[in-house]
Amino acid sequence: MSRDNGGPEDRSEQSQQPEQAEQLALIRETVREHKARPPRAKPRTWRGAELATRLPVARVLVDKGLVHLDRFFDYAVPAAMDEEAQPGVRVRVRFGAGEREGRREGGGLINGFIVERRADSDFTGRLAPLAQVLSPEPVLTPELLQLCRSVADRYAGSLADVVQLAVPPRRARAEKQASPRRPPRPRAPEPGGWSRYPHGPAFLQALTDKSAPRAVWTALPGPRDWADELARAMATTLATGRGALAVLPEGKSAARVDAALTALVGEGQHVLLTADAGPEPRYRRWLAVSRGAVRAVVGTRAAMFAPVRRLGLAAIWEDGDSGHSEERAPQPHAREVLLQRAVTEGAAFLLGAHGCTVEAAQLVESGFARPLAADRDTVRAVMPRVRTAGEGDEGRDPAARSARLPSLAWRTARDALEHGPVLVQVPRRGYVPRLVCERCREPARCAHCSGPLEASGEGTALRCGWCARETPQWRCPMCAGTRLRGSVIGARRTAEELGRAFPSVPVRTSGGEHVLESVPARPALVVATPGAEPVPEGEDGYAAALLLDGWALLGRPDLRAGEEALRRWLGAASLVRPQGEGGSVVLVAEESMRPVQALVRWDPAGHALRELADRAELGFPPVSRMAAVTGPPEAVAALLDSARESGLPAGAQVLGPVPLPVPASGRPRRPGDPPPGQLWERALVRVPQGSGATLAASLKTALAGRLARREGAVPHVRVDPVDIG
């Protein structure tokens, strides 16, 4: 008699691999739990429902980021929601076409925040009731709402857009969990590395006295010293019972400060807010800050809005890094948001970097902040030796020629590899991202769209960086030449050539999607793009650094090209050992250039002051305020005409418009980028310093009018654009 081996479903399970069977069982268990849950309450119309007897009107900020709807809408509060519908909580309301005032029963459901409970309304008709209270958690506090309003006004944006940046998306499971109890105050740490700065201990003492010092800090070179010093400033603030906030350009540097602060004050005193944590853990940490269980935050640019209570210190590191500029509307900069918070909340302000931006120099020149820097003797003692080598000065040694290195750079790398790793900074990733004719130096461009041709690897066909079309047989249109040479050599090609020049030395690359956090303190060549340089393990730093193709950074058609090149060079050179320990840096660039001389002397503040003087003479930011208007030509012209009618500031100048260049290949599309195949223009509106608020208000009024009248395409407006060409 045959045994019953079960039905088809059982037999299929027996044939599954063990891990597949486990997954199937887990899915079935999840489905059973889901069916067993009570059904969620759906939003009601609440037609005819009894209203709250006290403060029956809720003023709501709806989640519509349109400037012509940048106002609050009144809704009735049903009595059943009276207890939960408090200012700051998330709600669902009915809002839609034909119901734009949000005061009748129709319309679709949309999220929003209650900002105020009132006894009456300015509207004399019938108010639509709230549909649902999504959560009783008051996430939009009055202080956070005021900050968002200030940022929206400064950047000609809508309040709803800024609130989306400030308040992370809700995670119900995180809200149900109680935040840990706030730990006792830590003890104030010793000054540590701040003793190397003449005014460093005084700055910490001012924090201890609960005053609000403001400083522009030029940090001394060193792989990890700056993170410990920033953490000590935060720990000193925590010891007074006040909160501290530090914003860094990317997760790697935020992790360094997080580790340094944990070593000083222990666990539980602060949280790390970065995208790497994941949505739910990040929201749980944000709630701990909002509830007052944690008084310090270390994070990336989204942390600039962190609701730290009793803020005592607002700090930002490397304000010149593009990571501090938000890409979502209205694209605020973390430096400006933290400055606003320091002034409004009476907190100390610390802007730190190895370099110095013109905005930081202006803060010092205006008297808003004090310089915080070491004396020249200390700088010389800790900086590496910096030398320059001219472009095209390849050495006579065959190995130097094969590696495209000047003799000085090749000898420096050869000698330094006996003592530790050597950093090689190249300005571009990829293989050969830019090619020119070997005979006449004419850039190699695509015959279809005129985009730049690039080589993705040895032996591969040329490919357009814009349209991705391949060009198997290229001929120069100027001289009919067929041979190409690289005008910019990428990180992968550089790694190949260095591997051939130093066959017994391991070569590591860092950049793009593959960024190394650290490298062993053993002899190796580390090829990295700017910002992706890994930190050597241990305390010694790199034995040397080679900064290649300096002209590629200096030759960018950008007002900030020199400042940005110096910032990137200083970041790499700061990872090298002091010259007393044999540390050396070789920069391949023209020696007479101002940024090159600033690196040789290690004088970033002096370079920034000279740049600021040049900007003042030309009337460029930050001496003036500027806005960029981007879009189809007719839309740009119409918006500027409307802005003039709504009251542009006296002395406003319109520069342009000019055709907008096509975005670089491989970069994700950003607000203000033209759609594929469309011609867009950009006009710059410049006004004197002190007229920025009027400029933003006039542009916002013009935008709101164009949207309300539905007059066609709506241009993109960005106040204080980072890149003005």
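## Largest cavity

Two helices, α17 (561-573) and α19 (604-618), each supply at least two residues of the lining of the largest cavity. Of these, α17 gives the most of any element, with 4 residues. The model is predicted.

By class, the lining divides into 5 nonpolar, 4 polar and 4 charged residues. The volume of the largest cavity is about 90 Å³. The count of cavities of 30 Å³ or more comes to 3.

## Nonpolar cores

The largest nonpolar core has 76 residues. Which of them touch the most other members? They are L144, V167, L245, V297 and F305. A second, separate core has 65 residues. A215, A219, L248 and W602 are among them.

V297 shows what such contacts look like in sequence terms. Setting aside neighbours within four places in sequence, V297 is in contact with M234, A244, L245, A246, V271, L273, V289, A303, A306 and V308. One of these partners, L245, is also among the residues that touch the most other core members.

## Whole chain

The protein chain has 725 residues, and 52% of them count as buried. Its secondary structure comprises 21 helices and 29 strands.

Consider contacts between residues at least 6 apart in sequence: 73% of them join residues at least 24 apart. The accessible surface of the chain is about 33800 Å². Carbon and sulfur atoms account for 49% of that surface.

Notes
Residues are numbered from 1 along each chain as its sequence is written. This is a predicted model: local features need pLDDT of at least 70, side-chain atom pairs count only at pLDDT 80 or more; totals for chains, interfaces and linings use all residues. Side-chain values use heavy atoms; hydrogens and water are left out. A nonpolar core is a set of buried Ala, Val, Leu, Ile, Met, Phe, Trp, Tyr and Cys residues joined through side-chain atoms within 4.5 Å. Buried means under 20% relative accessible area, exposed over 50%, partly exposed in between (1.4 Å probe, protein chains only). Contact means heavy atoms within 4.5 Å. Accessible areas come from the Shrake-Rupley method with a 1.4 Å probe; for residues, only the protein chains shown count as cover. On a 1 Å grid over the protein atoms alone, a cavity is a set of points where a 1.4 Å probe fits but cannot get out, and a pocket is an open set with protein on both sides within 12 Å along at least five of seven lines; lining residues have an atom within 4 Å of a point. Grid points are joined across faces, edges and corners, and a volume is the space filled by probe spheres set on the points. Ala, Val, Leu, Ile, Met, Phe, Trp, Tyr, Cys and Pro count as nonpolar, Asp, Glu, Lys and Arg as charged, and the others, Gly among them, as polar.
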